[in-house]
Amino acid sequence: MILEKFKNNIEQNLNVYKQIVLDLYEHPEIGNQEFESSKKLVHLIEKYGFHIEYPYLCPTGFKAEYQSKKPGETIGFLCEYDALPEIGHGCGHNLICTMSIAAAVALKTIIDEIGGKIILFGTPAEENFGGKIAFAEHHAFDGVDLALMLHPSNVNRIGGRTNALYPLRFEFFGKNAHAANPYDGRSALDAAVQTYMGISMLRQFALPNSYIHGVIKKGGEAANIIPAYAMMEYYFRAPQMKYAKHLANQALKIAQGAAMQFGVMVKESIYECPYDDKKINYTLCAKLKEIYENVGITNVLDVCEVPSGSSDIGAVSYLCPTIEGQIQIADTCVTAHSKEMAMATISDCGTEAIVKGGMSLAKLAYDFITDHEFSKKVKEEFLK
């Protein structure tokens, strides 16, 4: 039985996989700074006979390939390994990369028989700069037939929508003056505060499942000086990028009005990488649910149709059929981006996720390669 074969392979390497999860947990590195994390992963993958390109496209990115002896589908397994400031691996990326590696290594044991190609993509900085978007823009996913990953969570789920995200920075340029003679200056801070208030009022008119959140990052250095410079940063999220940009454009008009009101200049700029929404492939989701049940994962929830957070995997989902399932490693009371979720990655539940998550990804890839009717349905849905 193929699942048993995958399970045996993963369990044979389980101590190595657990050590990788622990090493990354104990030495978290934030986006684009994952130098030691990426080295550890590349060193491990190399031992299993993959051809490595490192660095790939960015200093902490990598690409690891194994070409079988027969033609077939190209399967991409996605690895994330950046951590969060202060919290560490509260999003479970140390487990994401390990499950993908476990799946790829397990699939490698039989791919010479069934044909195809395996690629492990090391995509950095999911949390802040969107490594997958950079990869997509440089055509890294050209020729990839299927992209796979699982995300640690407090539930088991076969997928969910994400919001598009459009980041915008507003900078205001006024004129310094002594606070005792404010009429000699023009307050950039007043314009920023007025903008903040105006954008806050914009929220009530946004469509459901759309979000606006921002901060004033700079607004002066001393209370007795009229600030000549202020800066604020915003995220505009919506189920589709078109509407996220619409909200950002409305906010820009508010900022321009405030600048005119206080006699200052305003400049807007995109300060981070915009994230696309995620395209769901329901054929893939249905197959993952079936596989989850076969490996003993229970209480599996259907696709969440209400988008909330954002992820750079959206860029991949518009280039090839893509799935990002969720696998439970913590109780439902444990939230994402928390120290409790980080600790769960090195718990017994985290270890179980390596085995069952790795098996599930490998089996999904195996079915895509060997079941031509299934892969045809996946591709047809993607093209629609």
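**Close-up 1. The salt bridge between Asp367 and Lys287.** Asp367 and Lys287 form a salt bridge, with their closest N and O atoms 3.8 Å apart. A salt bridge here is a side-chain nitrogen of Lys or Arg within 4 Å of a carboxyl oxygen of Asp or Glu. The pair links distant parts of the chain, 80 residues apart: Asp367 is in helix α11 (residues 348–370) and Lys287 is in helix α8. Helices (H or I, at least four residues) and strands (E, at least two) are DSSP runs, numbered from the N terminus. The model is predicted, so local features need pLDDT of at least 70 and side-chain atom pairs count only at pLDDT 80 or more, while totals for chains, interfaces and linings use all residues. Residues are numbered from 1 along each chain as its sequence is written, and side-chain values use heavy atoms, with hydrogens and water left out.

Close-up 2. Lys363 forms a salt bridge with Asp367, and the closest N and O atoms are 2.9 Å apart. Lys363 and Asp367 are separated by about one helical turn because they are 4 residues apart in helix α11. Buried means under 20% relative accessible area, exposed over 50%, and partly exposed in between (1.4 Å probe, protein chains only). Lys363 has 13% relative accessibility and so counts as buried; Asp367 is buried too, with a relative accessible area of 8%. Salt bridges that share partners join Lys287, Glu290, Lys363 and Asp367 into one network.

**Close-up 3. The salt bridge between Glu65 and Lys63.** Glu65 pairs with Lys63 in a salt bridge, the closest N and O atoms being 3.1 Å apart. Both residues, Glu65 and Lys63, are buried. A search of the whole structure finds 15 salt bridges.

Close-up 4. Asp277 is found in the loop between β12 (265–269) and α8 (282–295). Asp277 is buried yet has no salt bridge, and the nearest side chain of opposite charge, Arg161, is 5.7 Å away. For charge, Lys and Arg count as positive and Asp and Glu as negative; His and the chain ends are not counted. The side chain of Asp277 does make a polar contact with the side chain of Tyr318, at 2.9 Å. A polar contact is a pair of N or O atoms within 3.5 Å; within protein, one must be able to donate a hydrogen and the other to accept it, and residues adjacent in sequence count only if both atoms are side-chain atoms.

**Close-up 5. His93 and its partners.** His93 is found in helix α4 (residues 93–114). Its relative accessible area is 0%, so His93 is buried. The side chain of His93 makes polar contacts with the side chain of Glu80 (3.1 Å) and with the side chain of Glu127 (3.4 Å). Leaving out residues up to four places away in sequence, His93 touches several residues, including Tyr81, Asp82, Glu126 and His151. Touching means contact, with heavy atoms within 4.5 Å.

**Close-up 6. Glu340 and Gly90.** Glu340 lies in helix α10 (residues 339–344). With 51% relative accessibility, Glu340 counts as exposed. The C-alpha atoms of Glu340 and Gly90 are separated by 7.2 Å, although these residues are 250 residues apart along the chain.
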